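Student: Please take me through one part of this model in close detail. I want the surroundings of one residue, then the ligand site.

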Amino acid sequence: MAKTKSAYFCQSCGYESAKWLGKCPSCQQWNTFVEEVVEKSAAHVPTWKSASGQQRLNKPNKVEEIESANEDRLSTGDVELDRVLGGGLVAGSVTLIGGEPGIGKSTLMLQLALNISRRKILYVSGEESEQQIKMRAERITAQPKAACYILTETSTQNIFKQIEQLEPEILIIDSIQTLHSSHIDSTPGSVSQVRECTAELLRFAKETATPVFLIGHITKDGAIAGPKILEHMVDTVLQFEGDRHHIYRILRSIKNRFGAAAELGIYAMEGNGLREVSNPSEILLSQRDEELSGITIGATLEGARPMLIETQALVSVSAYGTPQRSATGFDTKRMNMLLAVLEKRCGFRLSAKDVFLNIAGGIKVEDPAIDLSIVAAIISSHEDISISSKICFAAEVGLSGEIRAVNRIEQRILEAEKLGFEKMFISTYNMKGFDKNKFSIDIITVSKIEEVFSVLFG
Ligand code: TYD
Ligand code: MG
């Protein structure tokens, strides 16, 4: 019997070492090394072999001589998912979907498996029983459009046996962390298992041109569990996120070899599955009849998609010695910076005030163009003067109180115009090379934060 061979792997980045280390030399994390058995079967043959069983030998070709493949994209029947994938599914692509437990990864994938018309789909689950999946499928749809097969199996070798018989056109793996390959001795979910199983599935996808979806768990820090190289191996990485207490979910592309990264799809989780939200601004703006202080609207851009989002602020006298600062959906450090700018440049006394910020709809915004809207909401609440709901903002605020330009301003203006806004505050520096007269919305350009307040509050 062959001697068992083991190695230590960093659970964070997948770095391999012969001995245990306290600190990973690659990702600098402490205490991440775990021993894993890496003994492989004597003759390690790839599990998925091409029909002939022979390895192809590739020759170098001149780039002009390579035939450009007319990339046929397969529509998934889900507009949001198609957009995030860059216009549909590409043959032989491997897509990894990460997200917190209970966010709806399995629901999204099952919905895709049921709704894509006239295709044969294999949904492999290592997490749930057939009955559980059946129950969920019944909630989603009464009439599946596709031939969707469910397999509860965790061994990749067995999965490939079934695939050879069934020949599915799309493969979905409900959680890569539950799979194990018999070529490797370590437990499912360990770095070497995840890596091996992904490599086998990757080989299968490329050789048969079958699109594969992998659902991945995430760690408590929000990264996809398993080695970082997992993200390098696959073609596309999507992140499913949102607040579990809200119904809205966001599908974000983090990496995409076949389309733009940072694309975004929005869903609402309802009683019968996920519903696509095609006009996000309408739901992100709360319908209010009266004007309230502390509420403003920012024109943000997520991916290539403009969205008008309501920002809310509450500024009140602090009851304790140390004022409280809290932000939901916005970076707290950035909020503190904006408060310091207001204090120093505009003379608002905010240091003894509690400040609470909230982005409506449970959405997280990273676009700096929301800055001006947040600043205006804070002052509106501080002064207790409401700002008309027909006004929106799109500009970044710099440390010296300057109003900075933001990208794709025309797209933001068009969206605001479409939604019936009457006035929009943007940076003077955004005016280069465009004519504001071509928009019917009233554009107010500002270069200093003080100007914004003199225009707003007189
Ligand atoms: P699930 O898809 O199991 O999440 P994950 O695979 O990411 O862990 O998530 C399901 C959650 O969504 C669960 O809490 C129940 C809820 N849900 C609905 O609200 N409506 C539905 O139609 C379905 C199928 C699930
Ligand atoms: Mg699940």
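Tutor: Serine 427 is buried, at a relative accessible area of 0% (buried means under 20%, exposed over 50%, partly exposed in between, with a 1.4 Å probe and protein chains only). The model is predicted: local features need pLDDT of at least 70, side-chain atom pairs count only at pLDDT 80 or more, and totals for chains, interfaces and linings use all residues. Residues are numbered from 1 along each chain as its sequence is written, ligands are numbered from 1 in written order, and side-chain values use heavy atoms, without hydrogens and water.

Serine 427 sits in strand 22, residues 423-427 (strands are DSSP E runs of at least two residues, helices H or I runs of at least four, numbered from the N terminus). Its side chain reaches the backbone oxygen of isoleucine 403 at 3.0 Å. A polar atom of that side chain also lies 3.0 Å from the backbone nitrogen of tyrosine 429. Beyond neighbours within four places in sequence, serine 427 contacts Ala394, Ala395, Ile403, Arg404, Ala405, Thr445 and Val446 (contact means heavy atoms within 4.5 Å).

Now the ligand site. Ligand 1 is surrounded by 15 residues; Gly102, Ser106, Thr107, Glu270 and Gly273 are the closest (a residue is near if one of its heavy atoms lies within 4 Å). A side-chain N or O atom of serine 106 is 2.6 Å from a ligand 1 oxygen. For glycine 102, a backbone N or O atom lies 2.7 Å from an oxygen of ligand 1. Helix 2 gives the most to this shell, with 3 residues.

Technical notes
A polar contact is a pair of N or O atoms within 3.5 Å; within protein, one must be able to donate a hydrogen and the other to accept it, and residues adjacent in sequence count only if both atoms are side-chain atoms.
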